[in-house]
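Subject: Structure handover

Hello,

Here is the structure for your files. My notes on it follow below.

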Amino acid sequence: MSGLKLFRYGAWAAVAALAVVSGVLVYQQTAGNQNSGALIEPLSAIGGPFEMVNGNGETVTDQTFAGKPTLMFFGFTYCPDVCPTTLSELQGWMEALGEDAGGLNYAFVTVDPERDTPDVMRDYVWAFDKRITPLTGSREQVDAMIKAYRVYAKKVPLDDGDYTMDHSAAVYLMDSNNRFVGTIAYGEDEETALKKLHRLIGKAPASS
């Protein structure tokens with residue numbers, strides 16, 4: 001039991017650290033800090049080139065998403081609550097954005113490639129919205145992407161001999177050059193999330 005607690009503490013620590021970093025960045029962007037270049041180097045460590053496979057078994061790389069900002073979420077199809085909740089919220093954000101939703105890419109990346117094959121990912125993700133690209137791959141490909149994006153992911157054995165996955169719960173916001181610019185936290189209110197997305201697209205929200 002103590003080992004499982006340590007895993008949980010590690011997961012929350014990773015999420016908290018990422019939230020702090022992205023929070024500082026969002027403050028910089030909002031305040032227009034002229035010295036914002038001071039944080040560019042550490043933030044540039046999040047993200048990078050990758051090669052994965054989509055739900056149709058086709059190769060997808062970071063260049064596939066070039067030219068538009070990307071919302072990227074890491075999870076797994078056996079996830080009991082965080083992943084389906086986040087995908088439902090993502091679908092809601094896309095509907096709220098209306099035509100502006102076309103200005104973004106969307107990707108759901110598995111941290112559990114042994115179970116999340118391309119067809120499993122396709123059926124699961126597209127049940128929410130077909131505009132979301134499901135990404136999986138070999139264990140090596142997934143591990144490389146997890147490392148590049150500084151994602152926390154840990155296999156946790158269950159009493160029945162099965163396992164679940166602890167993982168980072170934030171949605172990553174990447175600009176059109178695949179550079180990390182912030183996150184949307186798990187459970188963040190829709191109004192705040194949409195403001196971040198409008199800023200990412202480069203458009204102010206329409207007046208009500």
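Where does E114 lie? E114 is in the loop between strand 4 (105-110) and helix 4 (118-126); helices (H or I, at least four residues) and strands (E, at least two) are DSSP runs, numbered from the N terminus.

Before the rest, some ground rules. This is a predicted model, in which local features need pLDDT of at least 70 and side-chain atom pairs count only at pLDDT 80 or more, while totals for chains, interfaces and linings use all residues. Residues are numbered from 1 along each chain as its sequence is written, and side-chain values use heavy atoms, with hydrogens and water left out.

Overall figures

The protein chain has six helices and nine strands. Of its 208 residues, 45% count as buried (buried means under 20% relative accessible area, exposed over 50%, partly exposed in between, with a 1.4 Å probe and protein chains only). Among contacts (heavy atoms within 4.5 Å) with a separation of 6 or more, 70% are between residues 24 or more positions apart.

Around E114

E114 counts as partly exposed because its relative accessibility is 45%. Not counting residues up to four places away in sequence, E114 touches R139 and Y163. The side chains of E114 and R139 are joined by a polar contact of 3.0 Å. Such a contact is a pair of N or O atoms within 3.5 Å; within protein, one must be able to donate a hydrogen and the other to accept it, and residues adjacent in sequence count only if both atoms are side-chain atoms. E114 and S138 are 24 residues apart in sequence and 8.0 Å apart in space, C-alpha to C-alpha.

The charged end of R115 is 3.8 Å from the ring centre of Y163, and K155 lies over the face of Y163 at 4.3 Å from the centre.

Core and aromatic pairs

The largest nonpolar core has 51 residues, and L71 and Y149 have the most contacts inside it. A core here is a set of buried Ala, Val, Leu, Ile, Met, Phe, Trp, Tyr and Cys residues joined through side-chain atoms within 4.5 Å. Helix 3 (residues 82-97) gives the most to this core, with seven residues. Leaving aside neighbours within four places in sequence, the contacts of Y149 include I46, F50, M72, F74, Y172 and N178.

There are nine aromatic pairs in the structure. Rings of Phe, Tyr and Trp (its six-membered ring) pair if their centres lie within 6.5 Å; planes under 30 degrees apart count as stacked, over 60 as edge-to-face and the rest as tilted. F50 and F65 form a tilted pair, because their ring centres are 6.4 Å apart and their planes are at 45°. F50 is buried at 8% relative accessibility, and F65 is buried at 8% as well. The rings of F74 and Y149 have centres 5.8 Å apart and planes at 45°, so this pair is also tilted. F74 is in strand 3 and Y149 in the loop between helix 5 (139-148) and strand 6 (153-157), 75 residues apart. Both F74 and Y149 are buried. Ring pairs link F50, F65, F74, Y149, Y172 and F180 into a cluster.

Positive phi

R150, in the loop between helix 5 and strand 6, has a positive phi near 55° and is not a glycine. N178 is likewise not a glycine and has a positive phi of about 60°.

Regards

Conventions:
A charge sits over a ring if NZ of Lys or CZ of Arg is within 6 Å of the ring centre and within 35 degrees of the ring normal.
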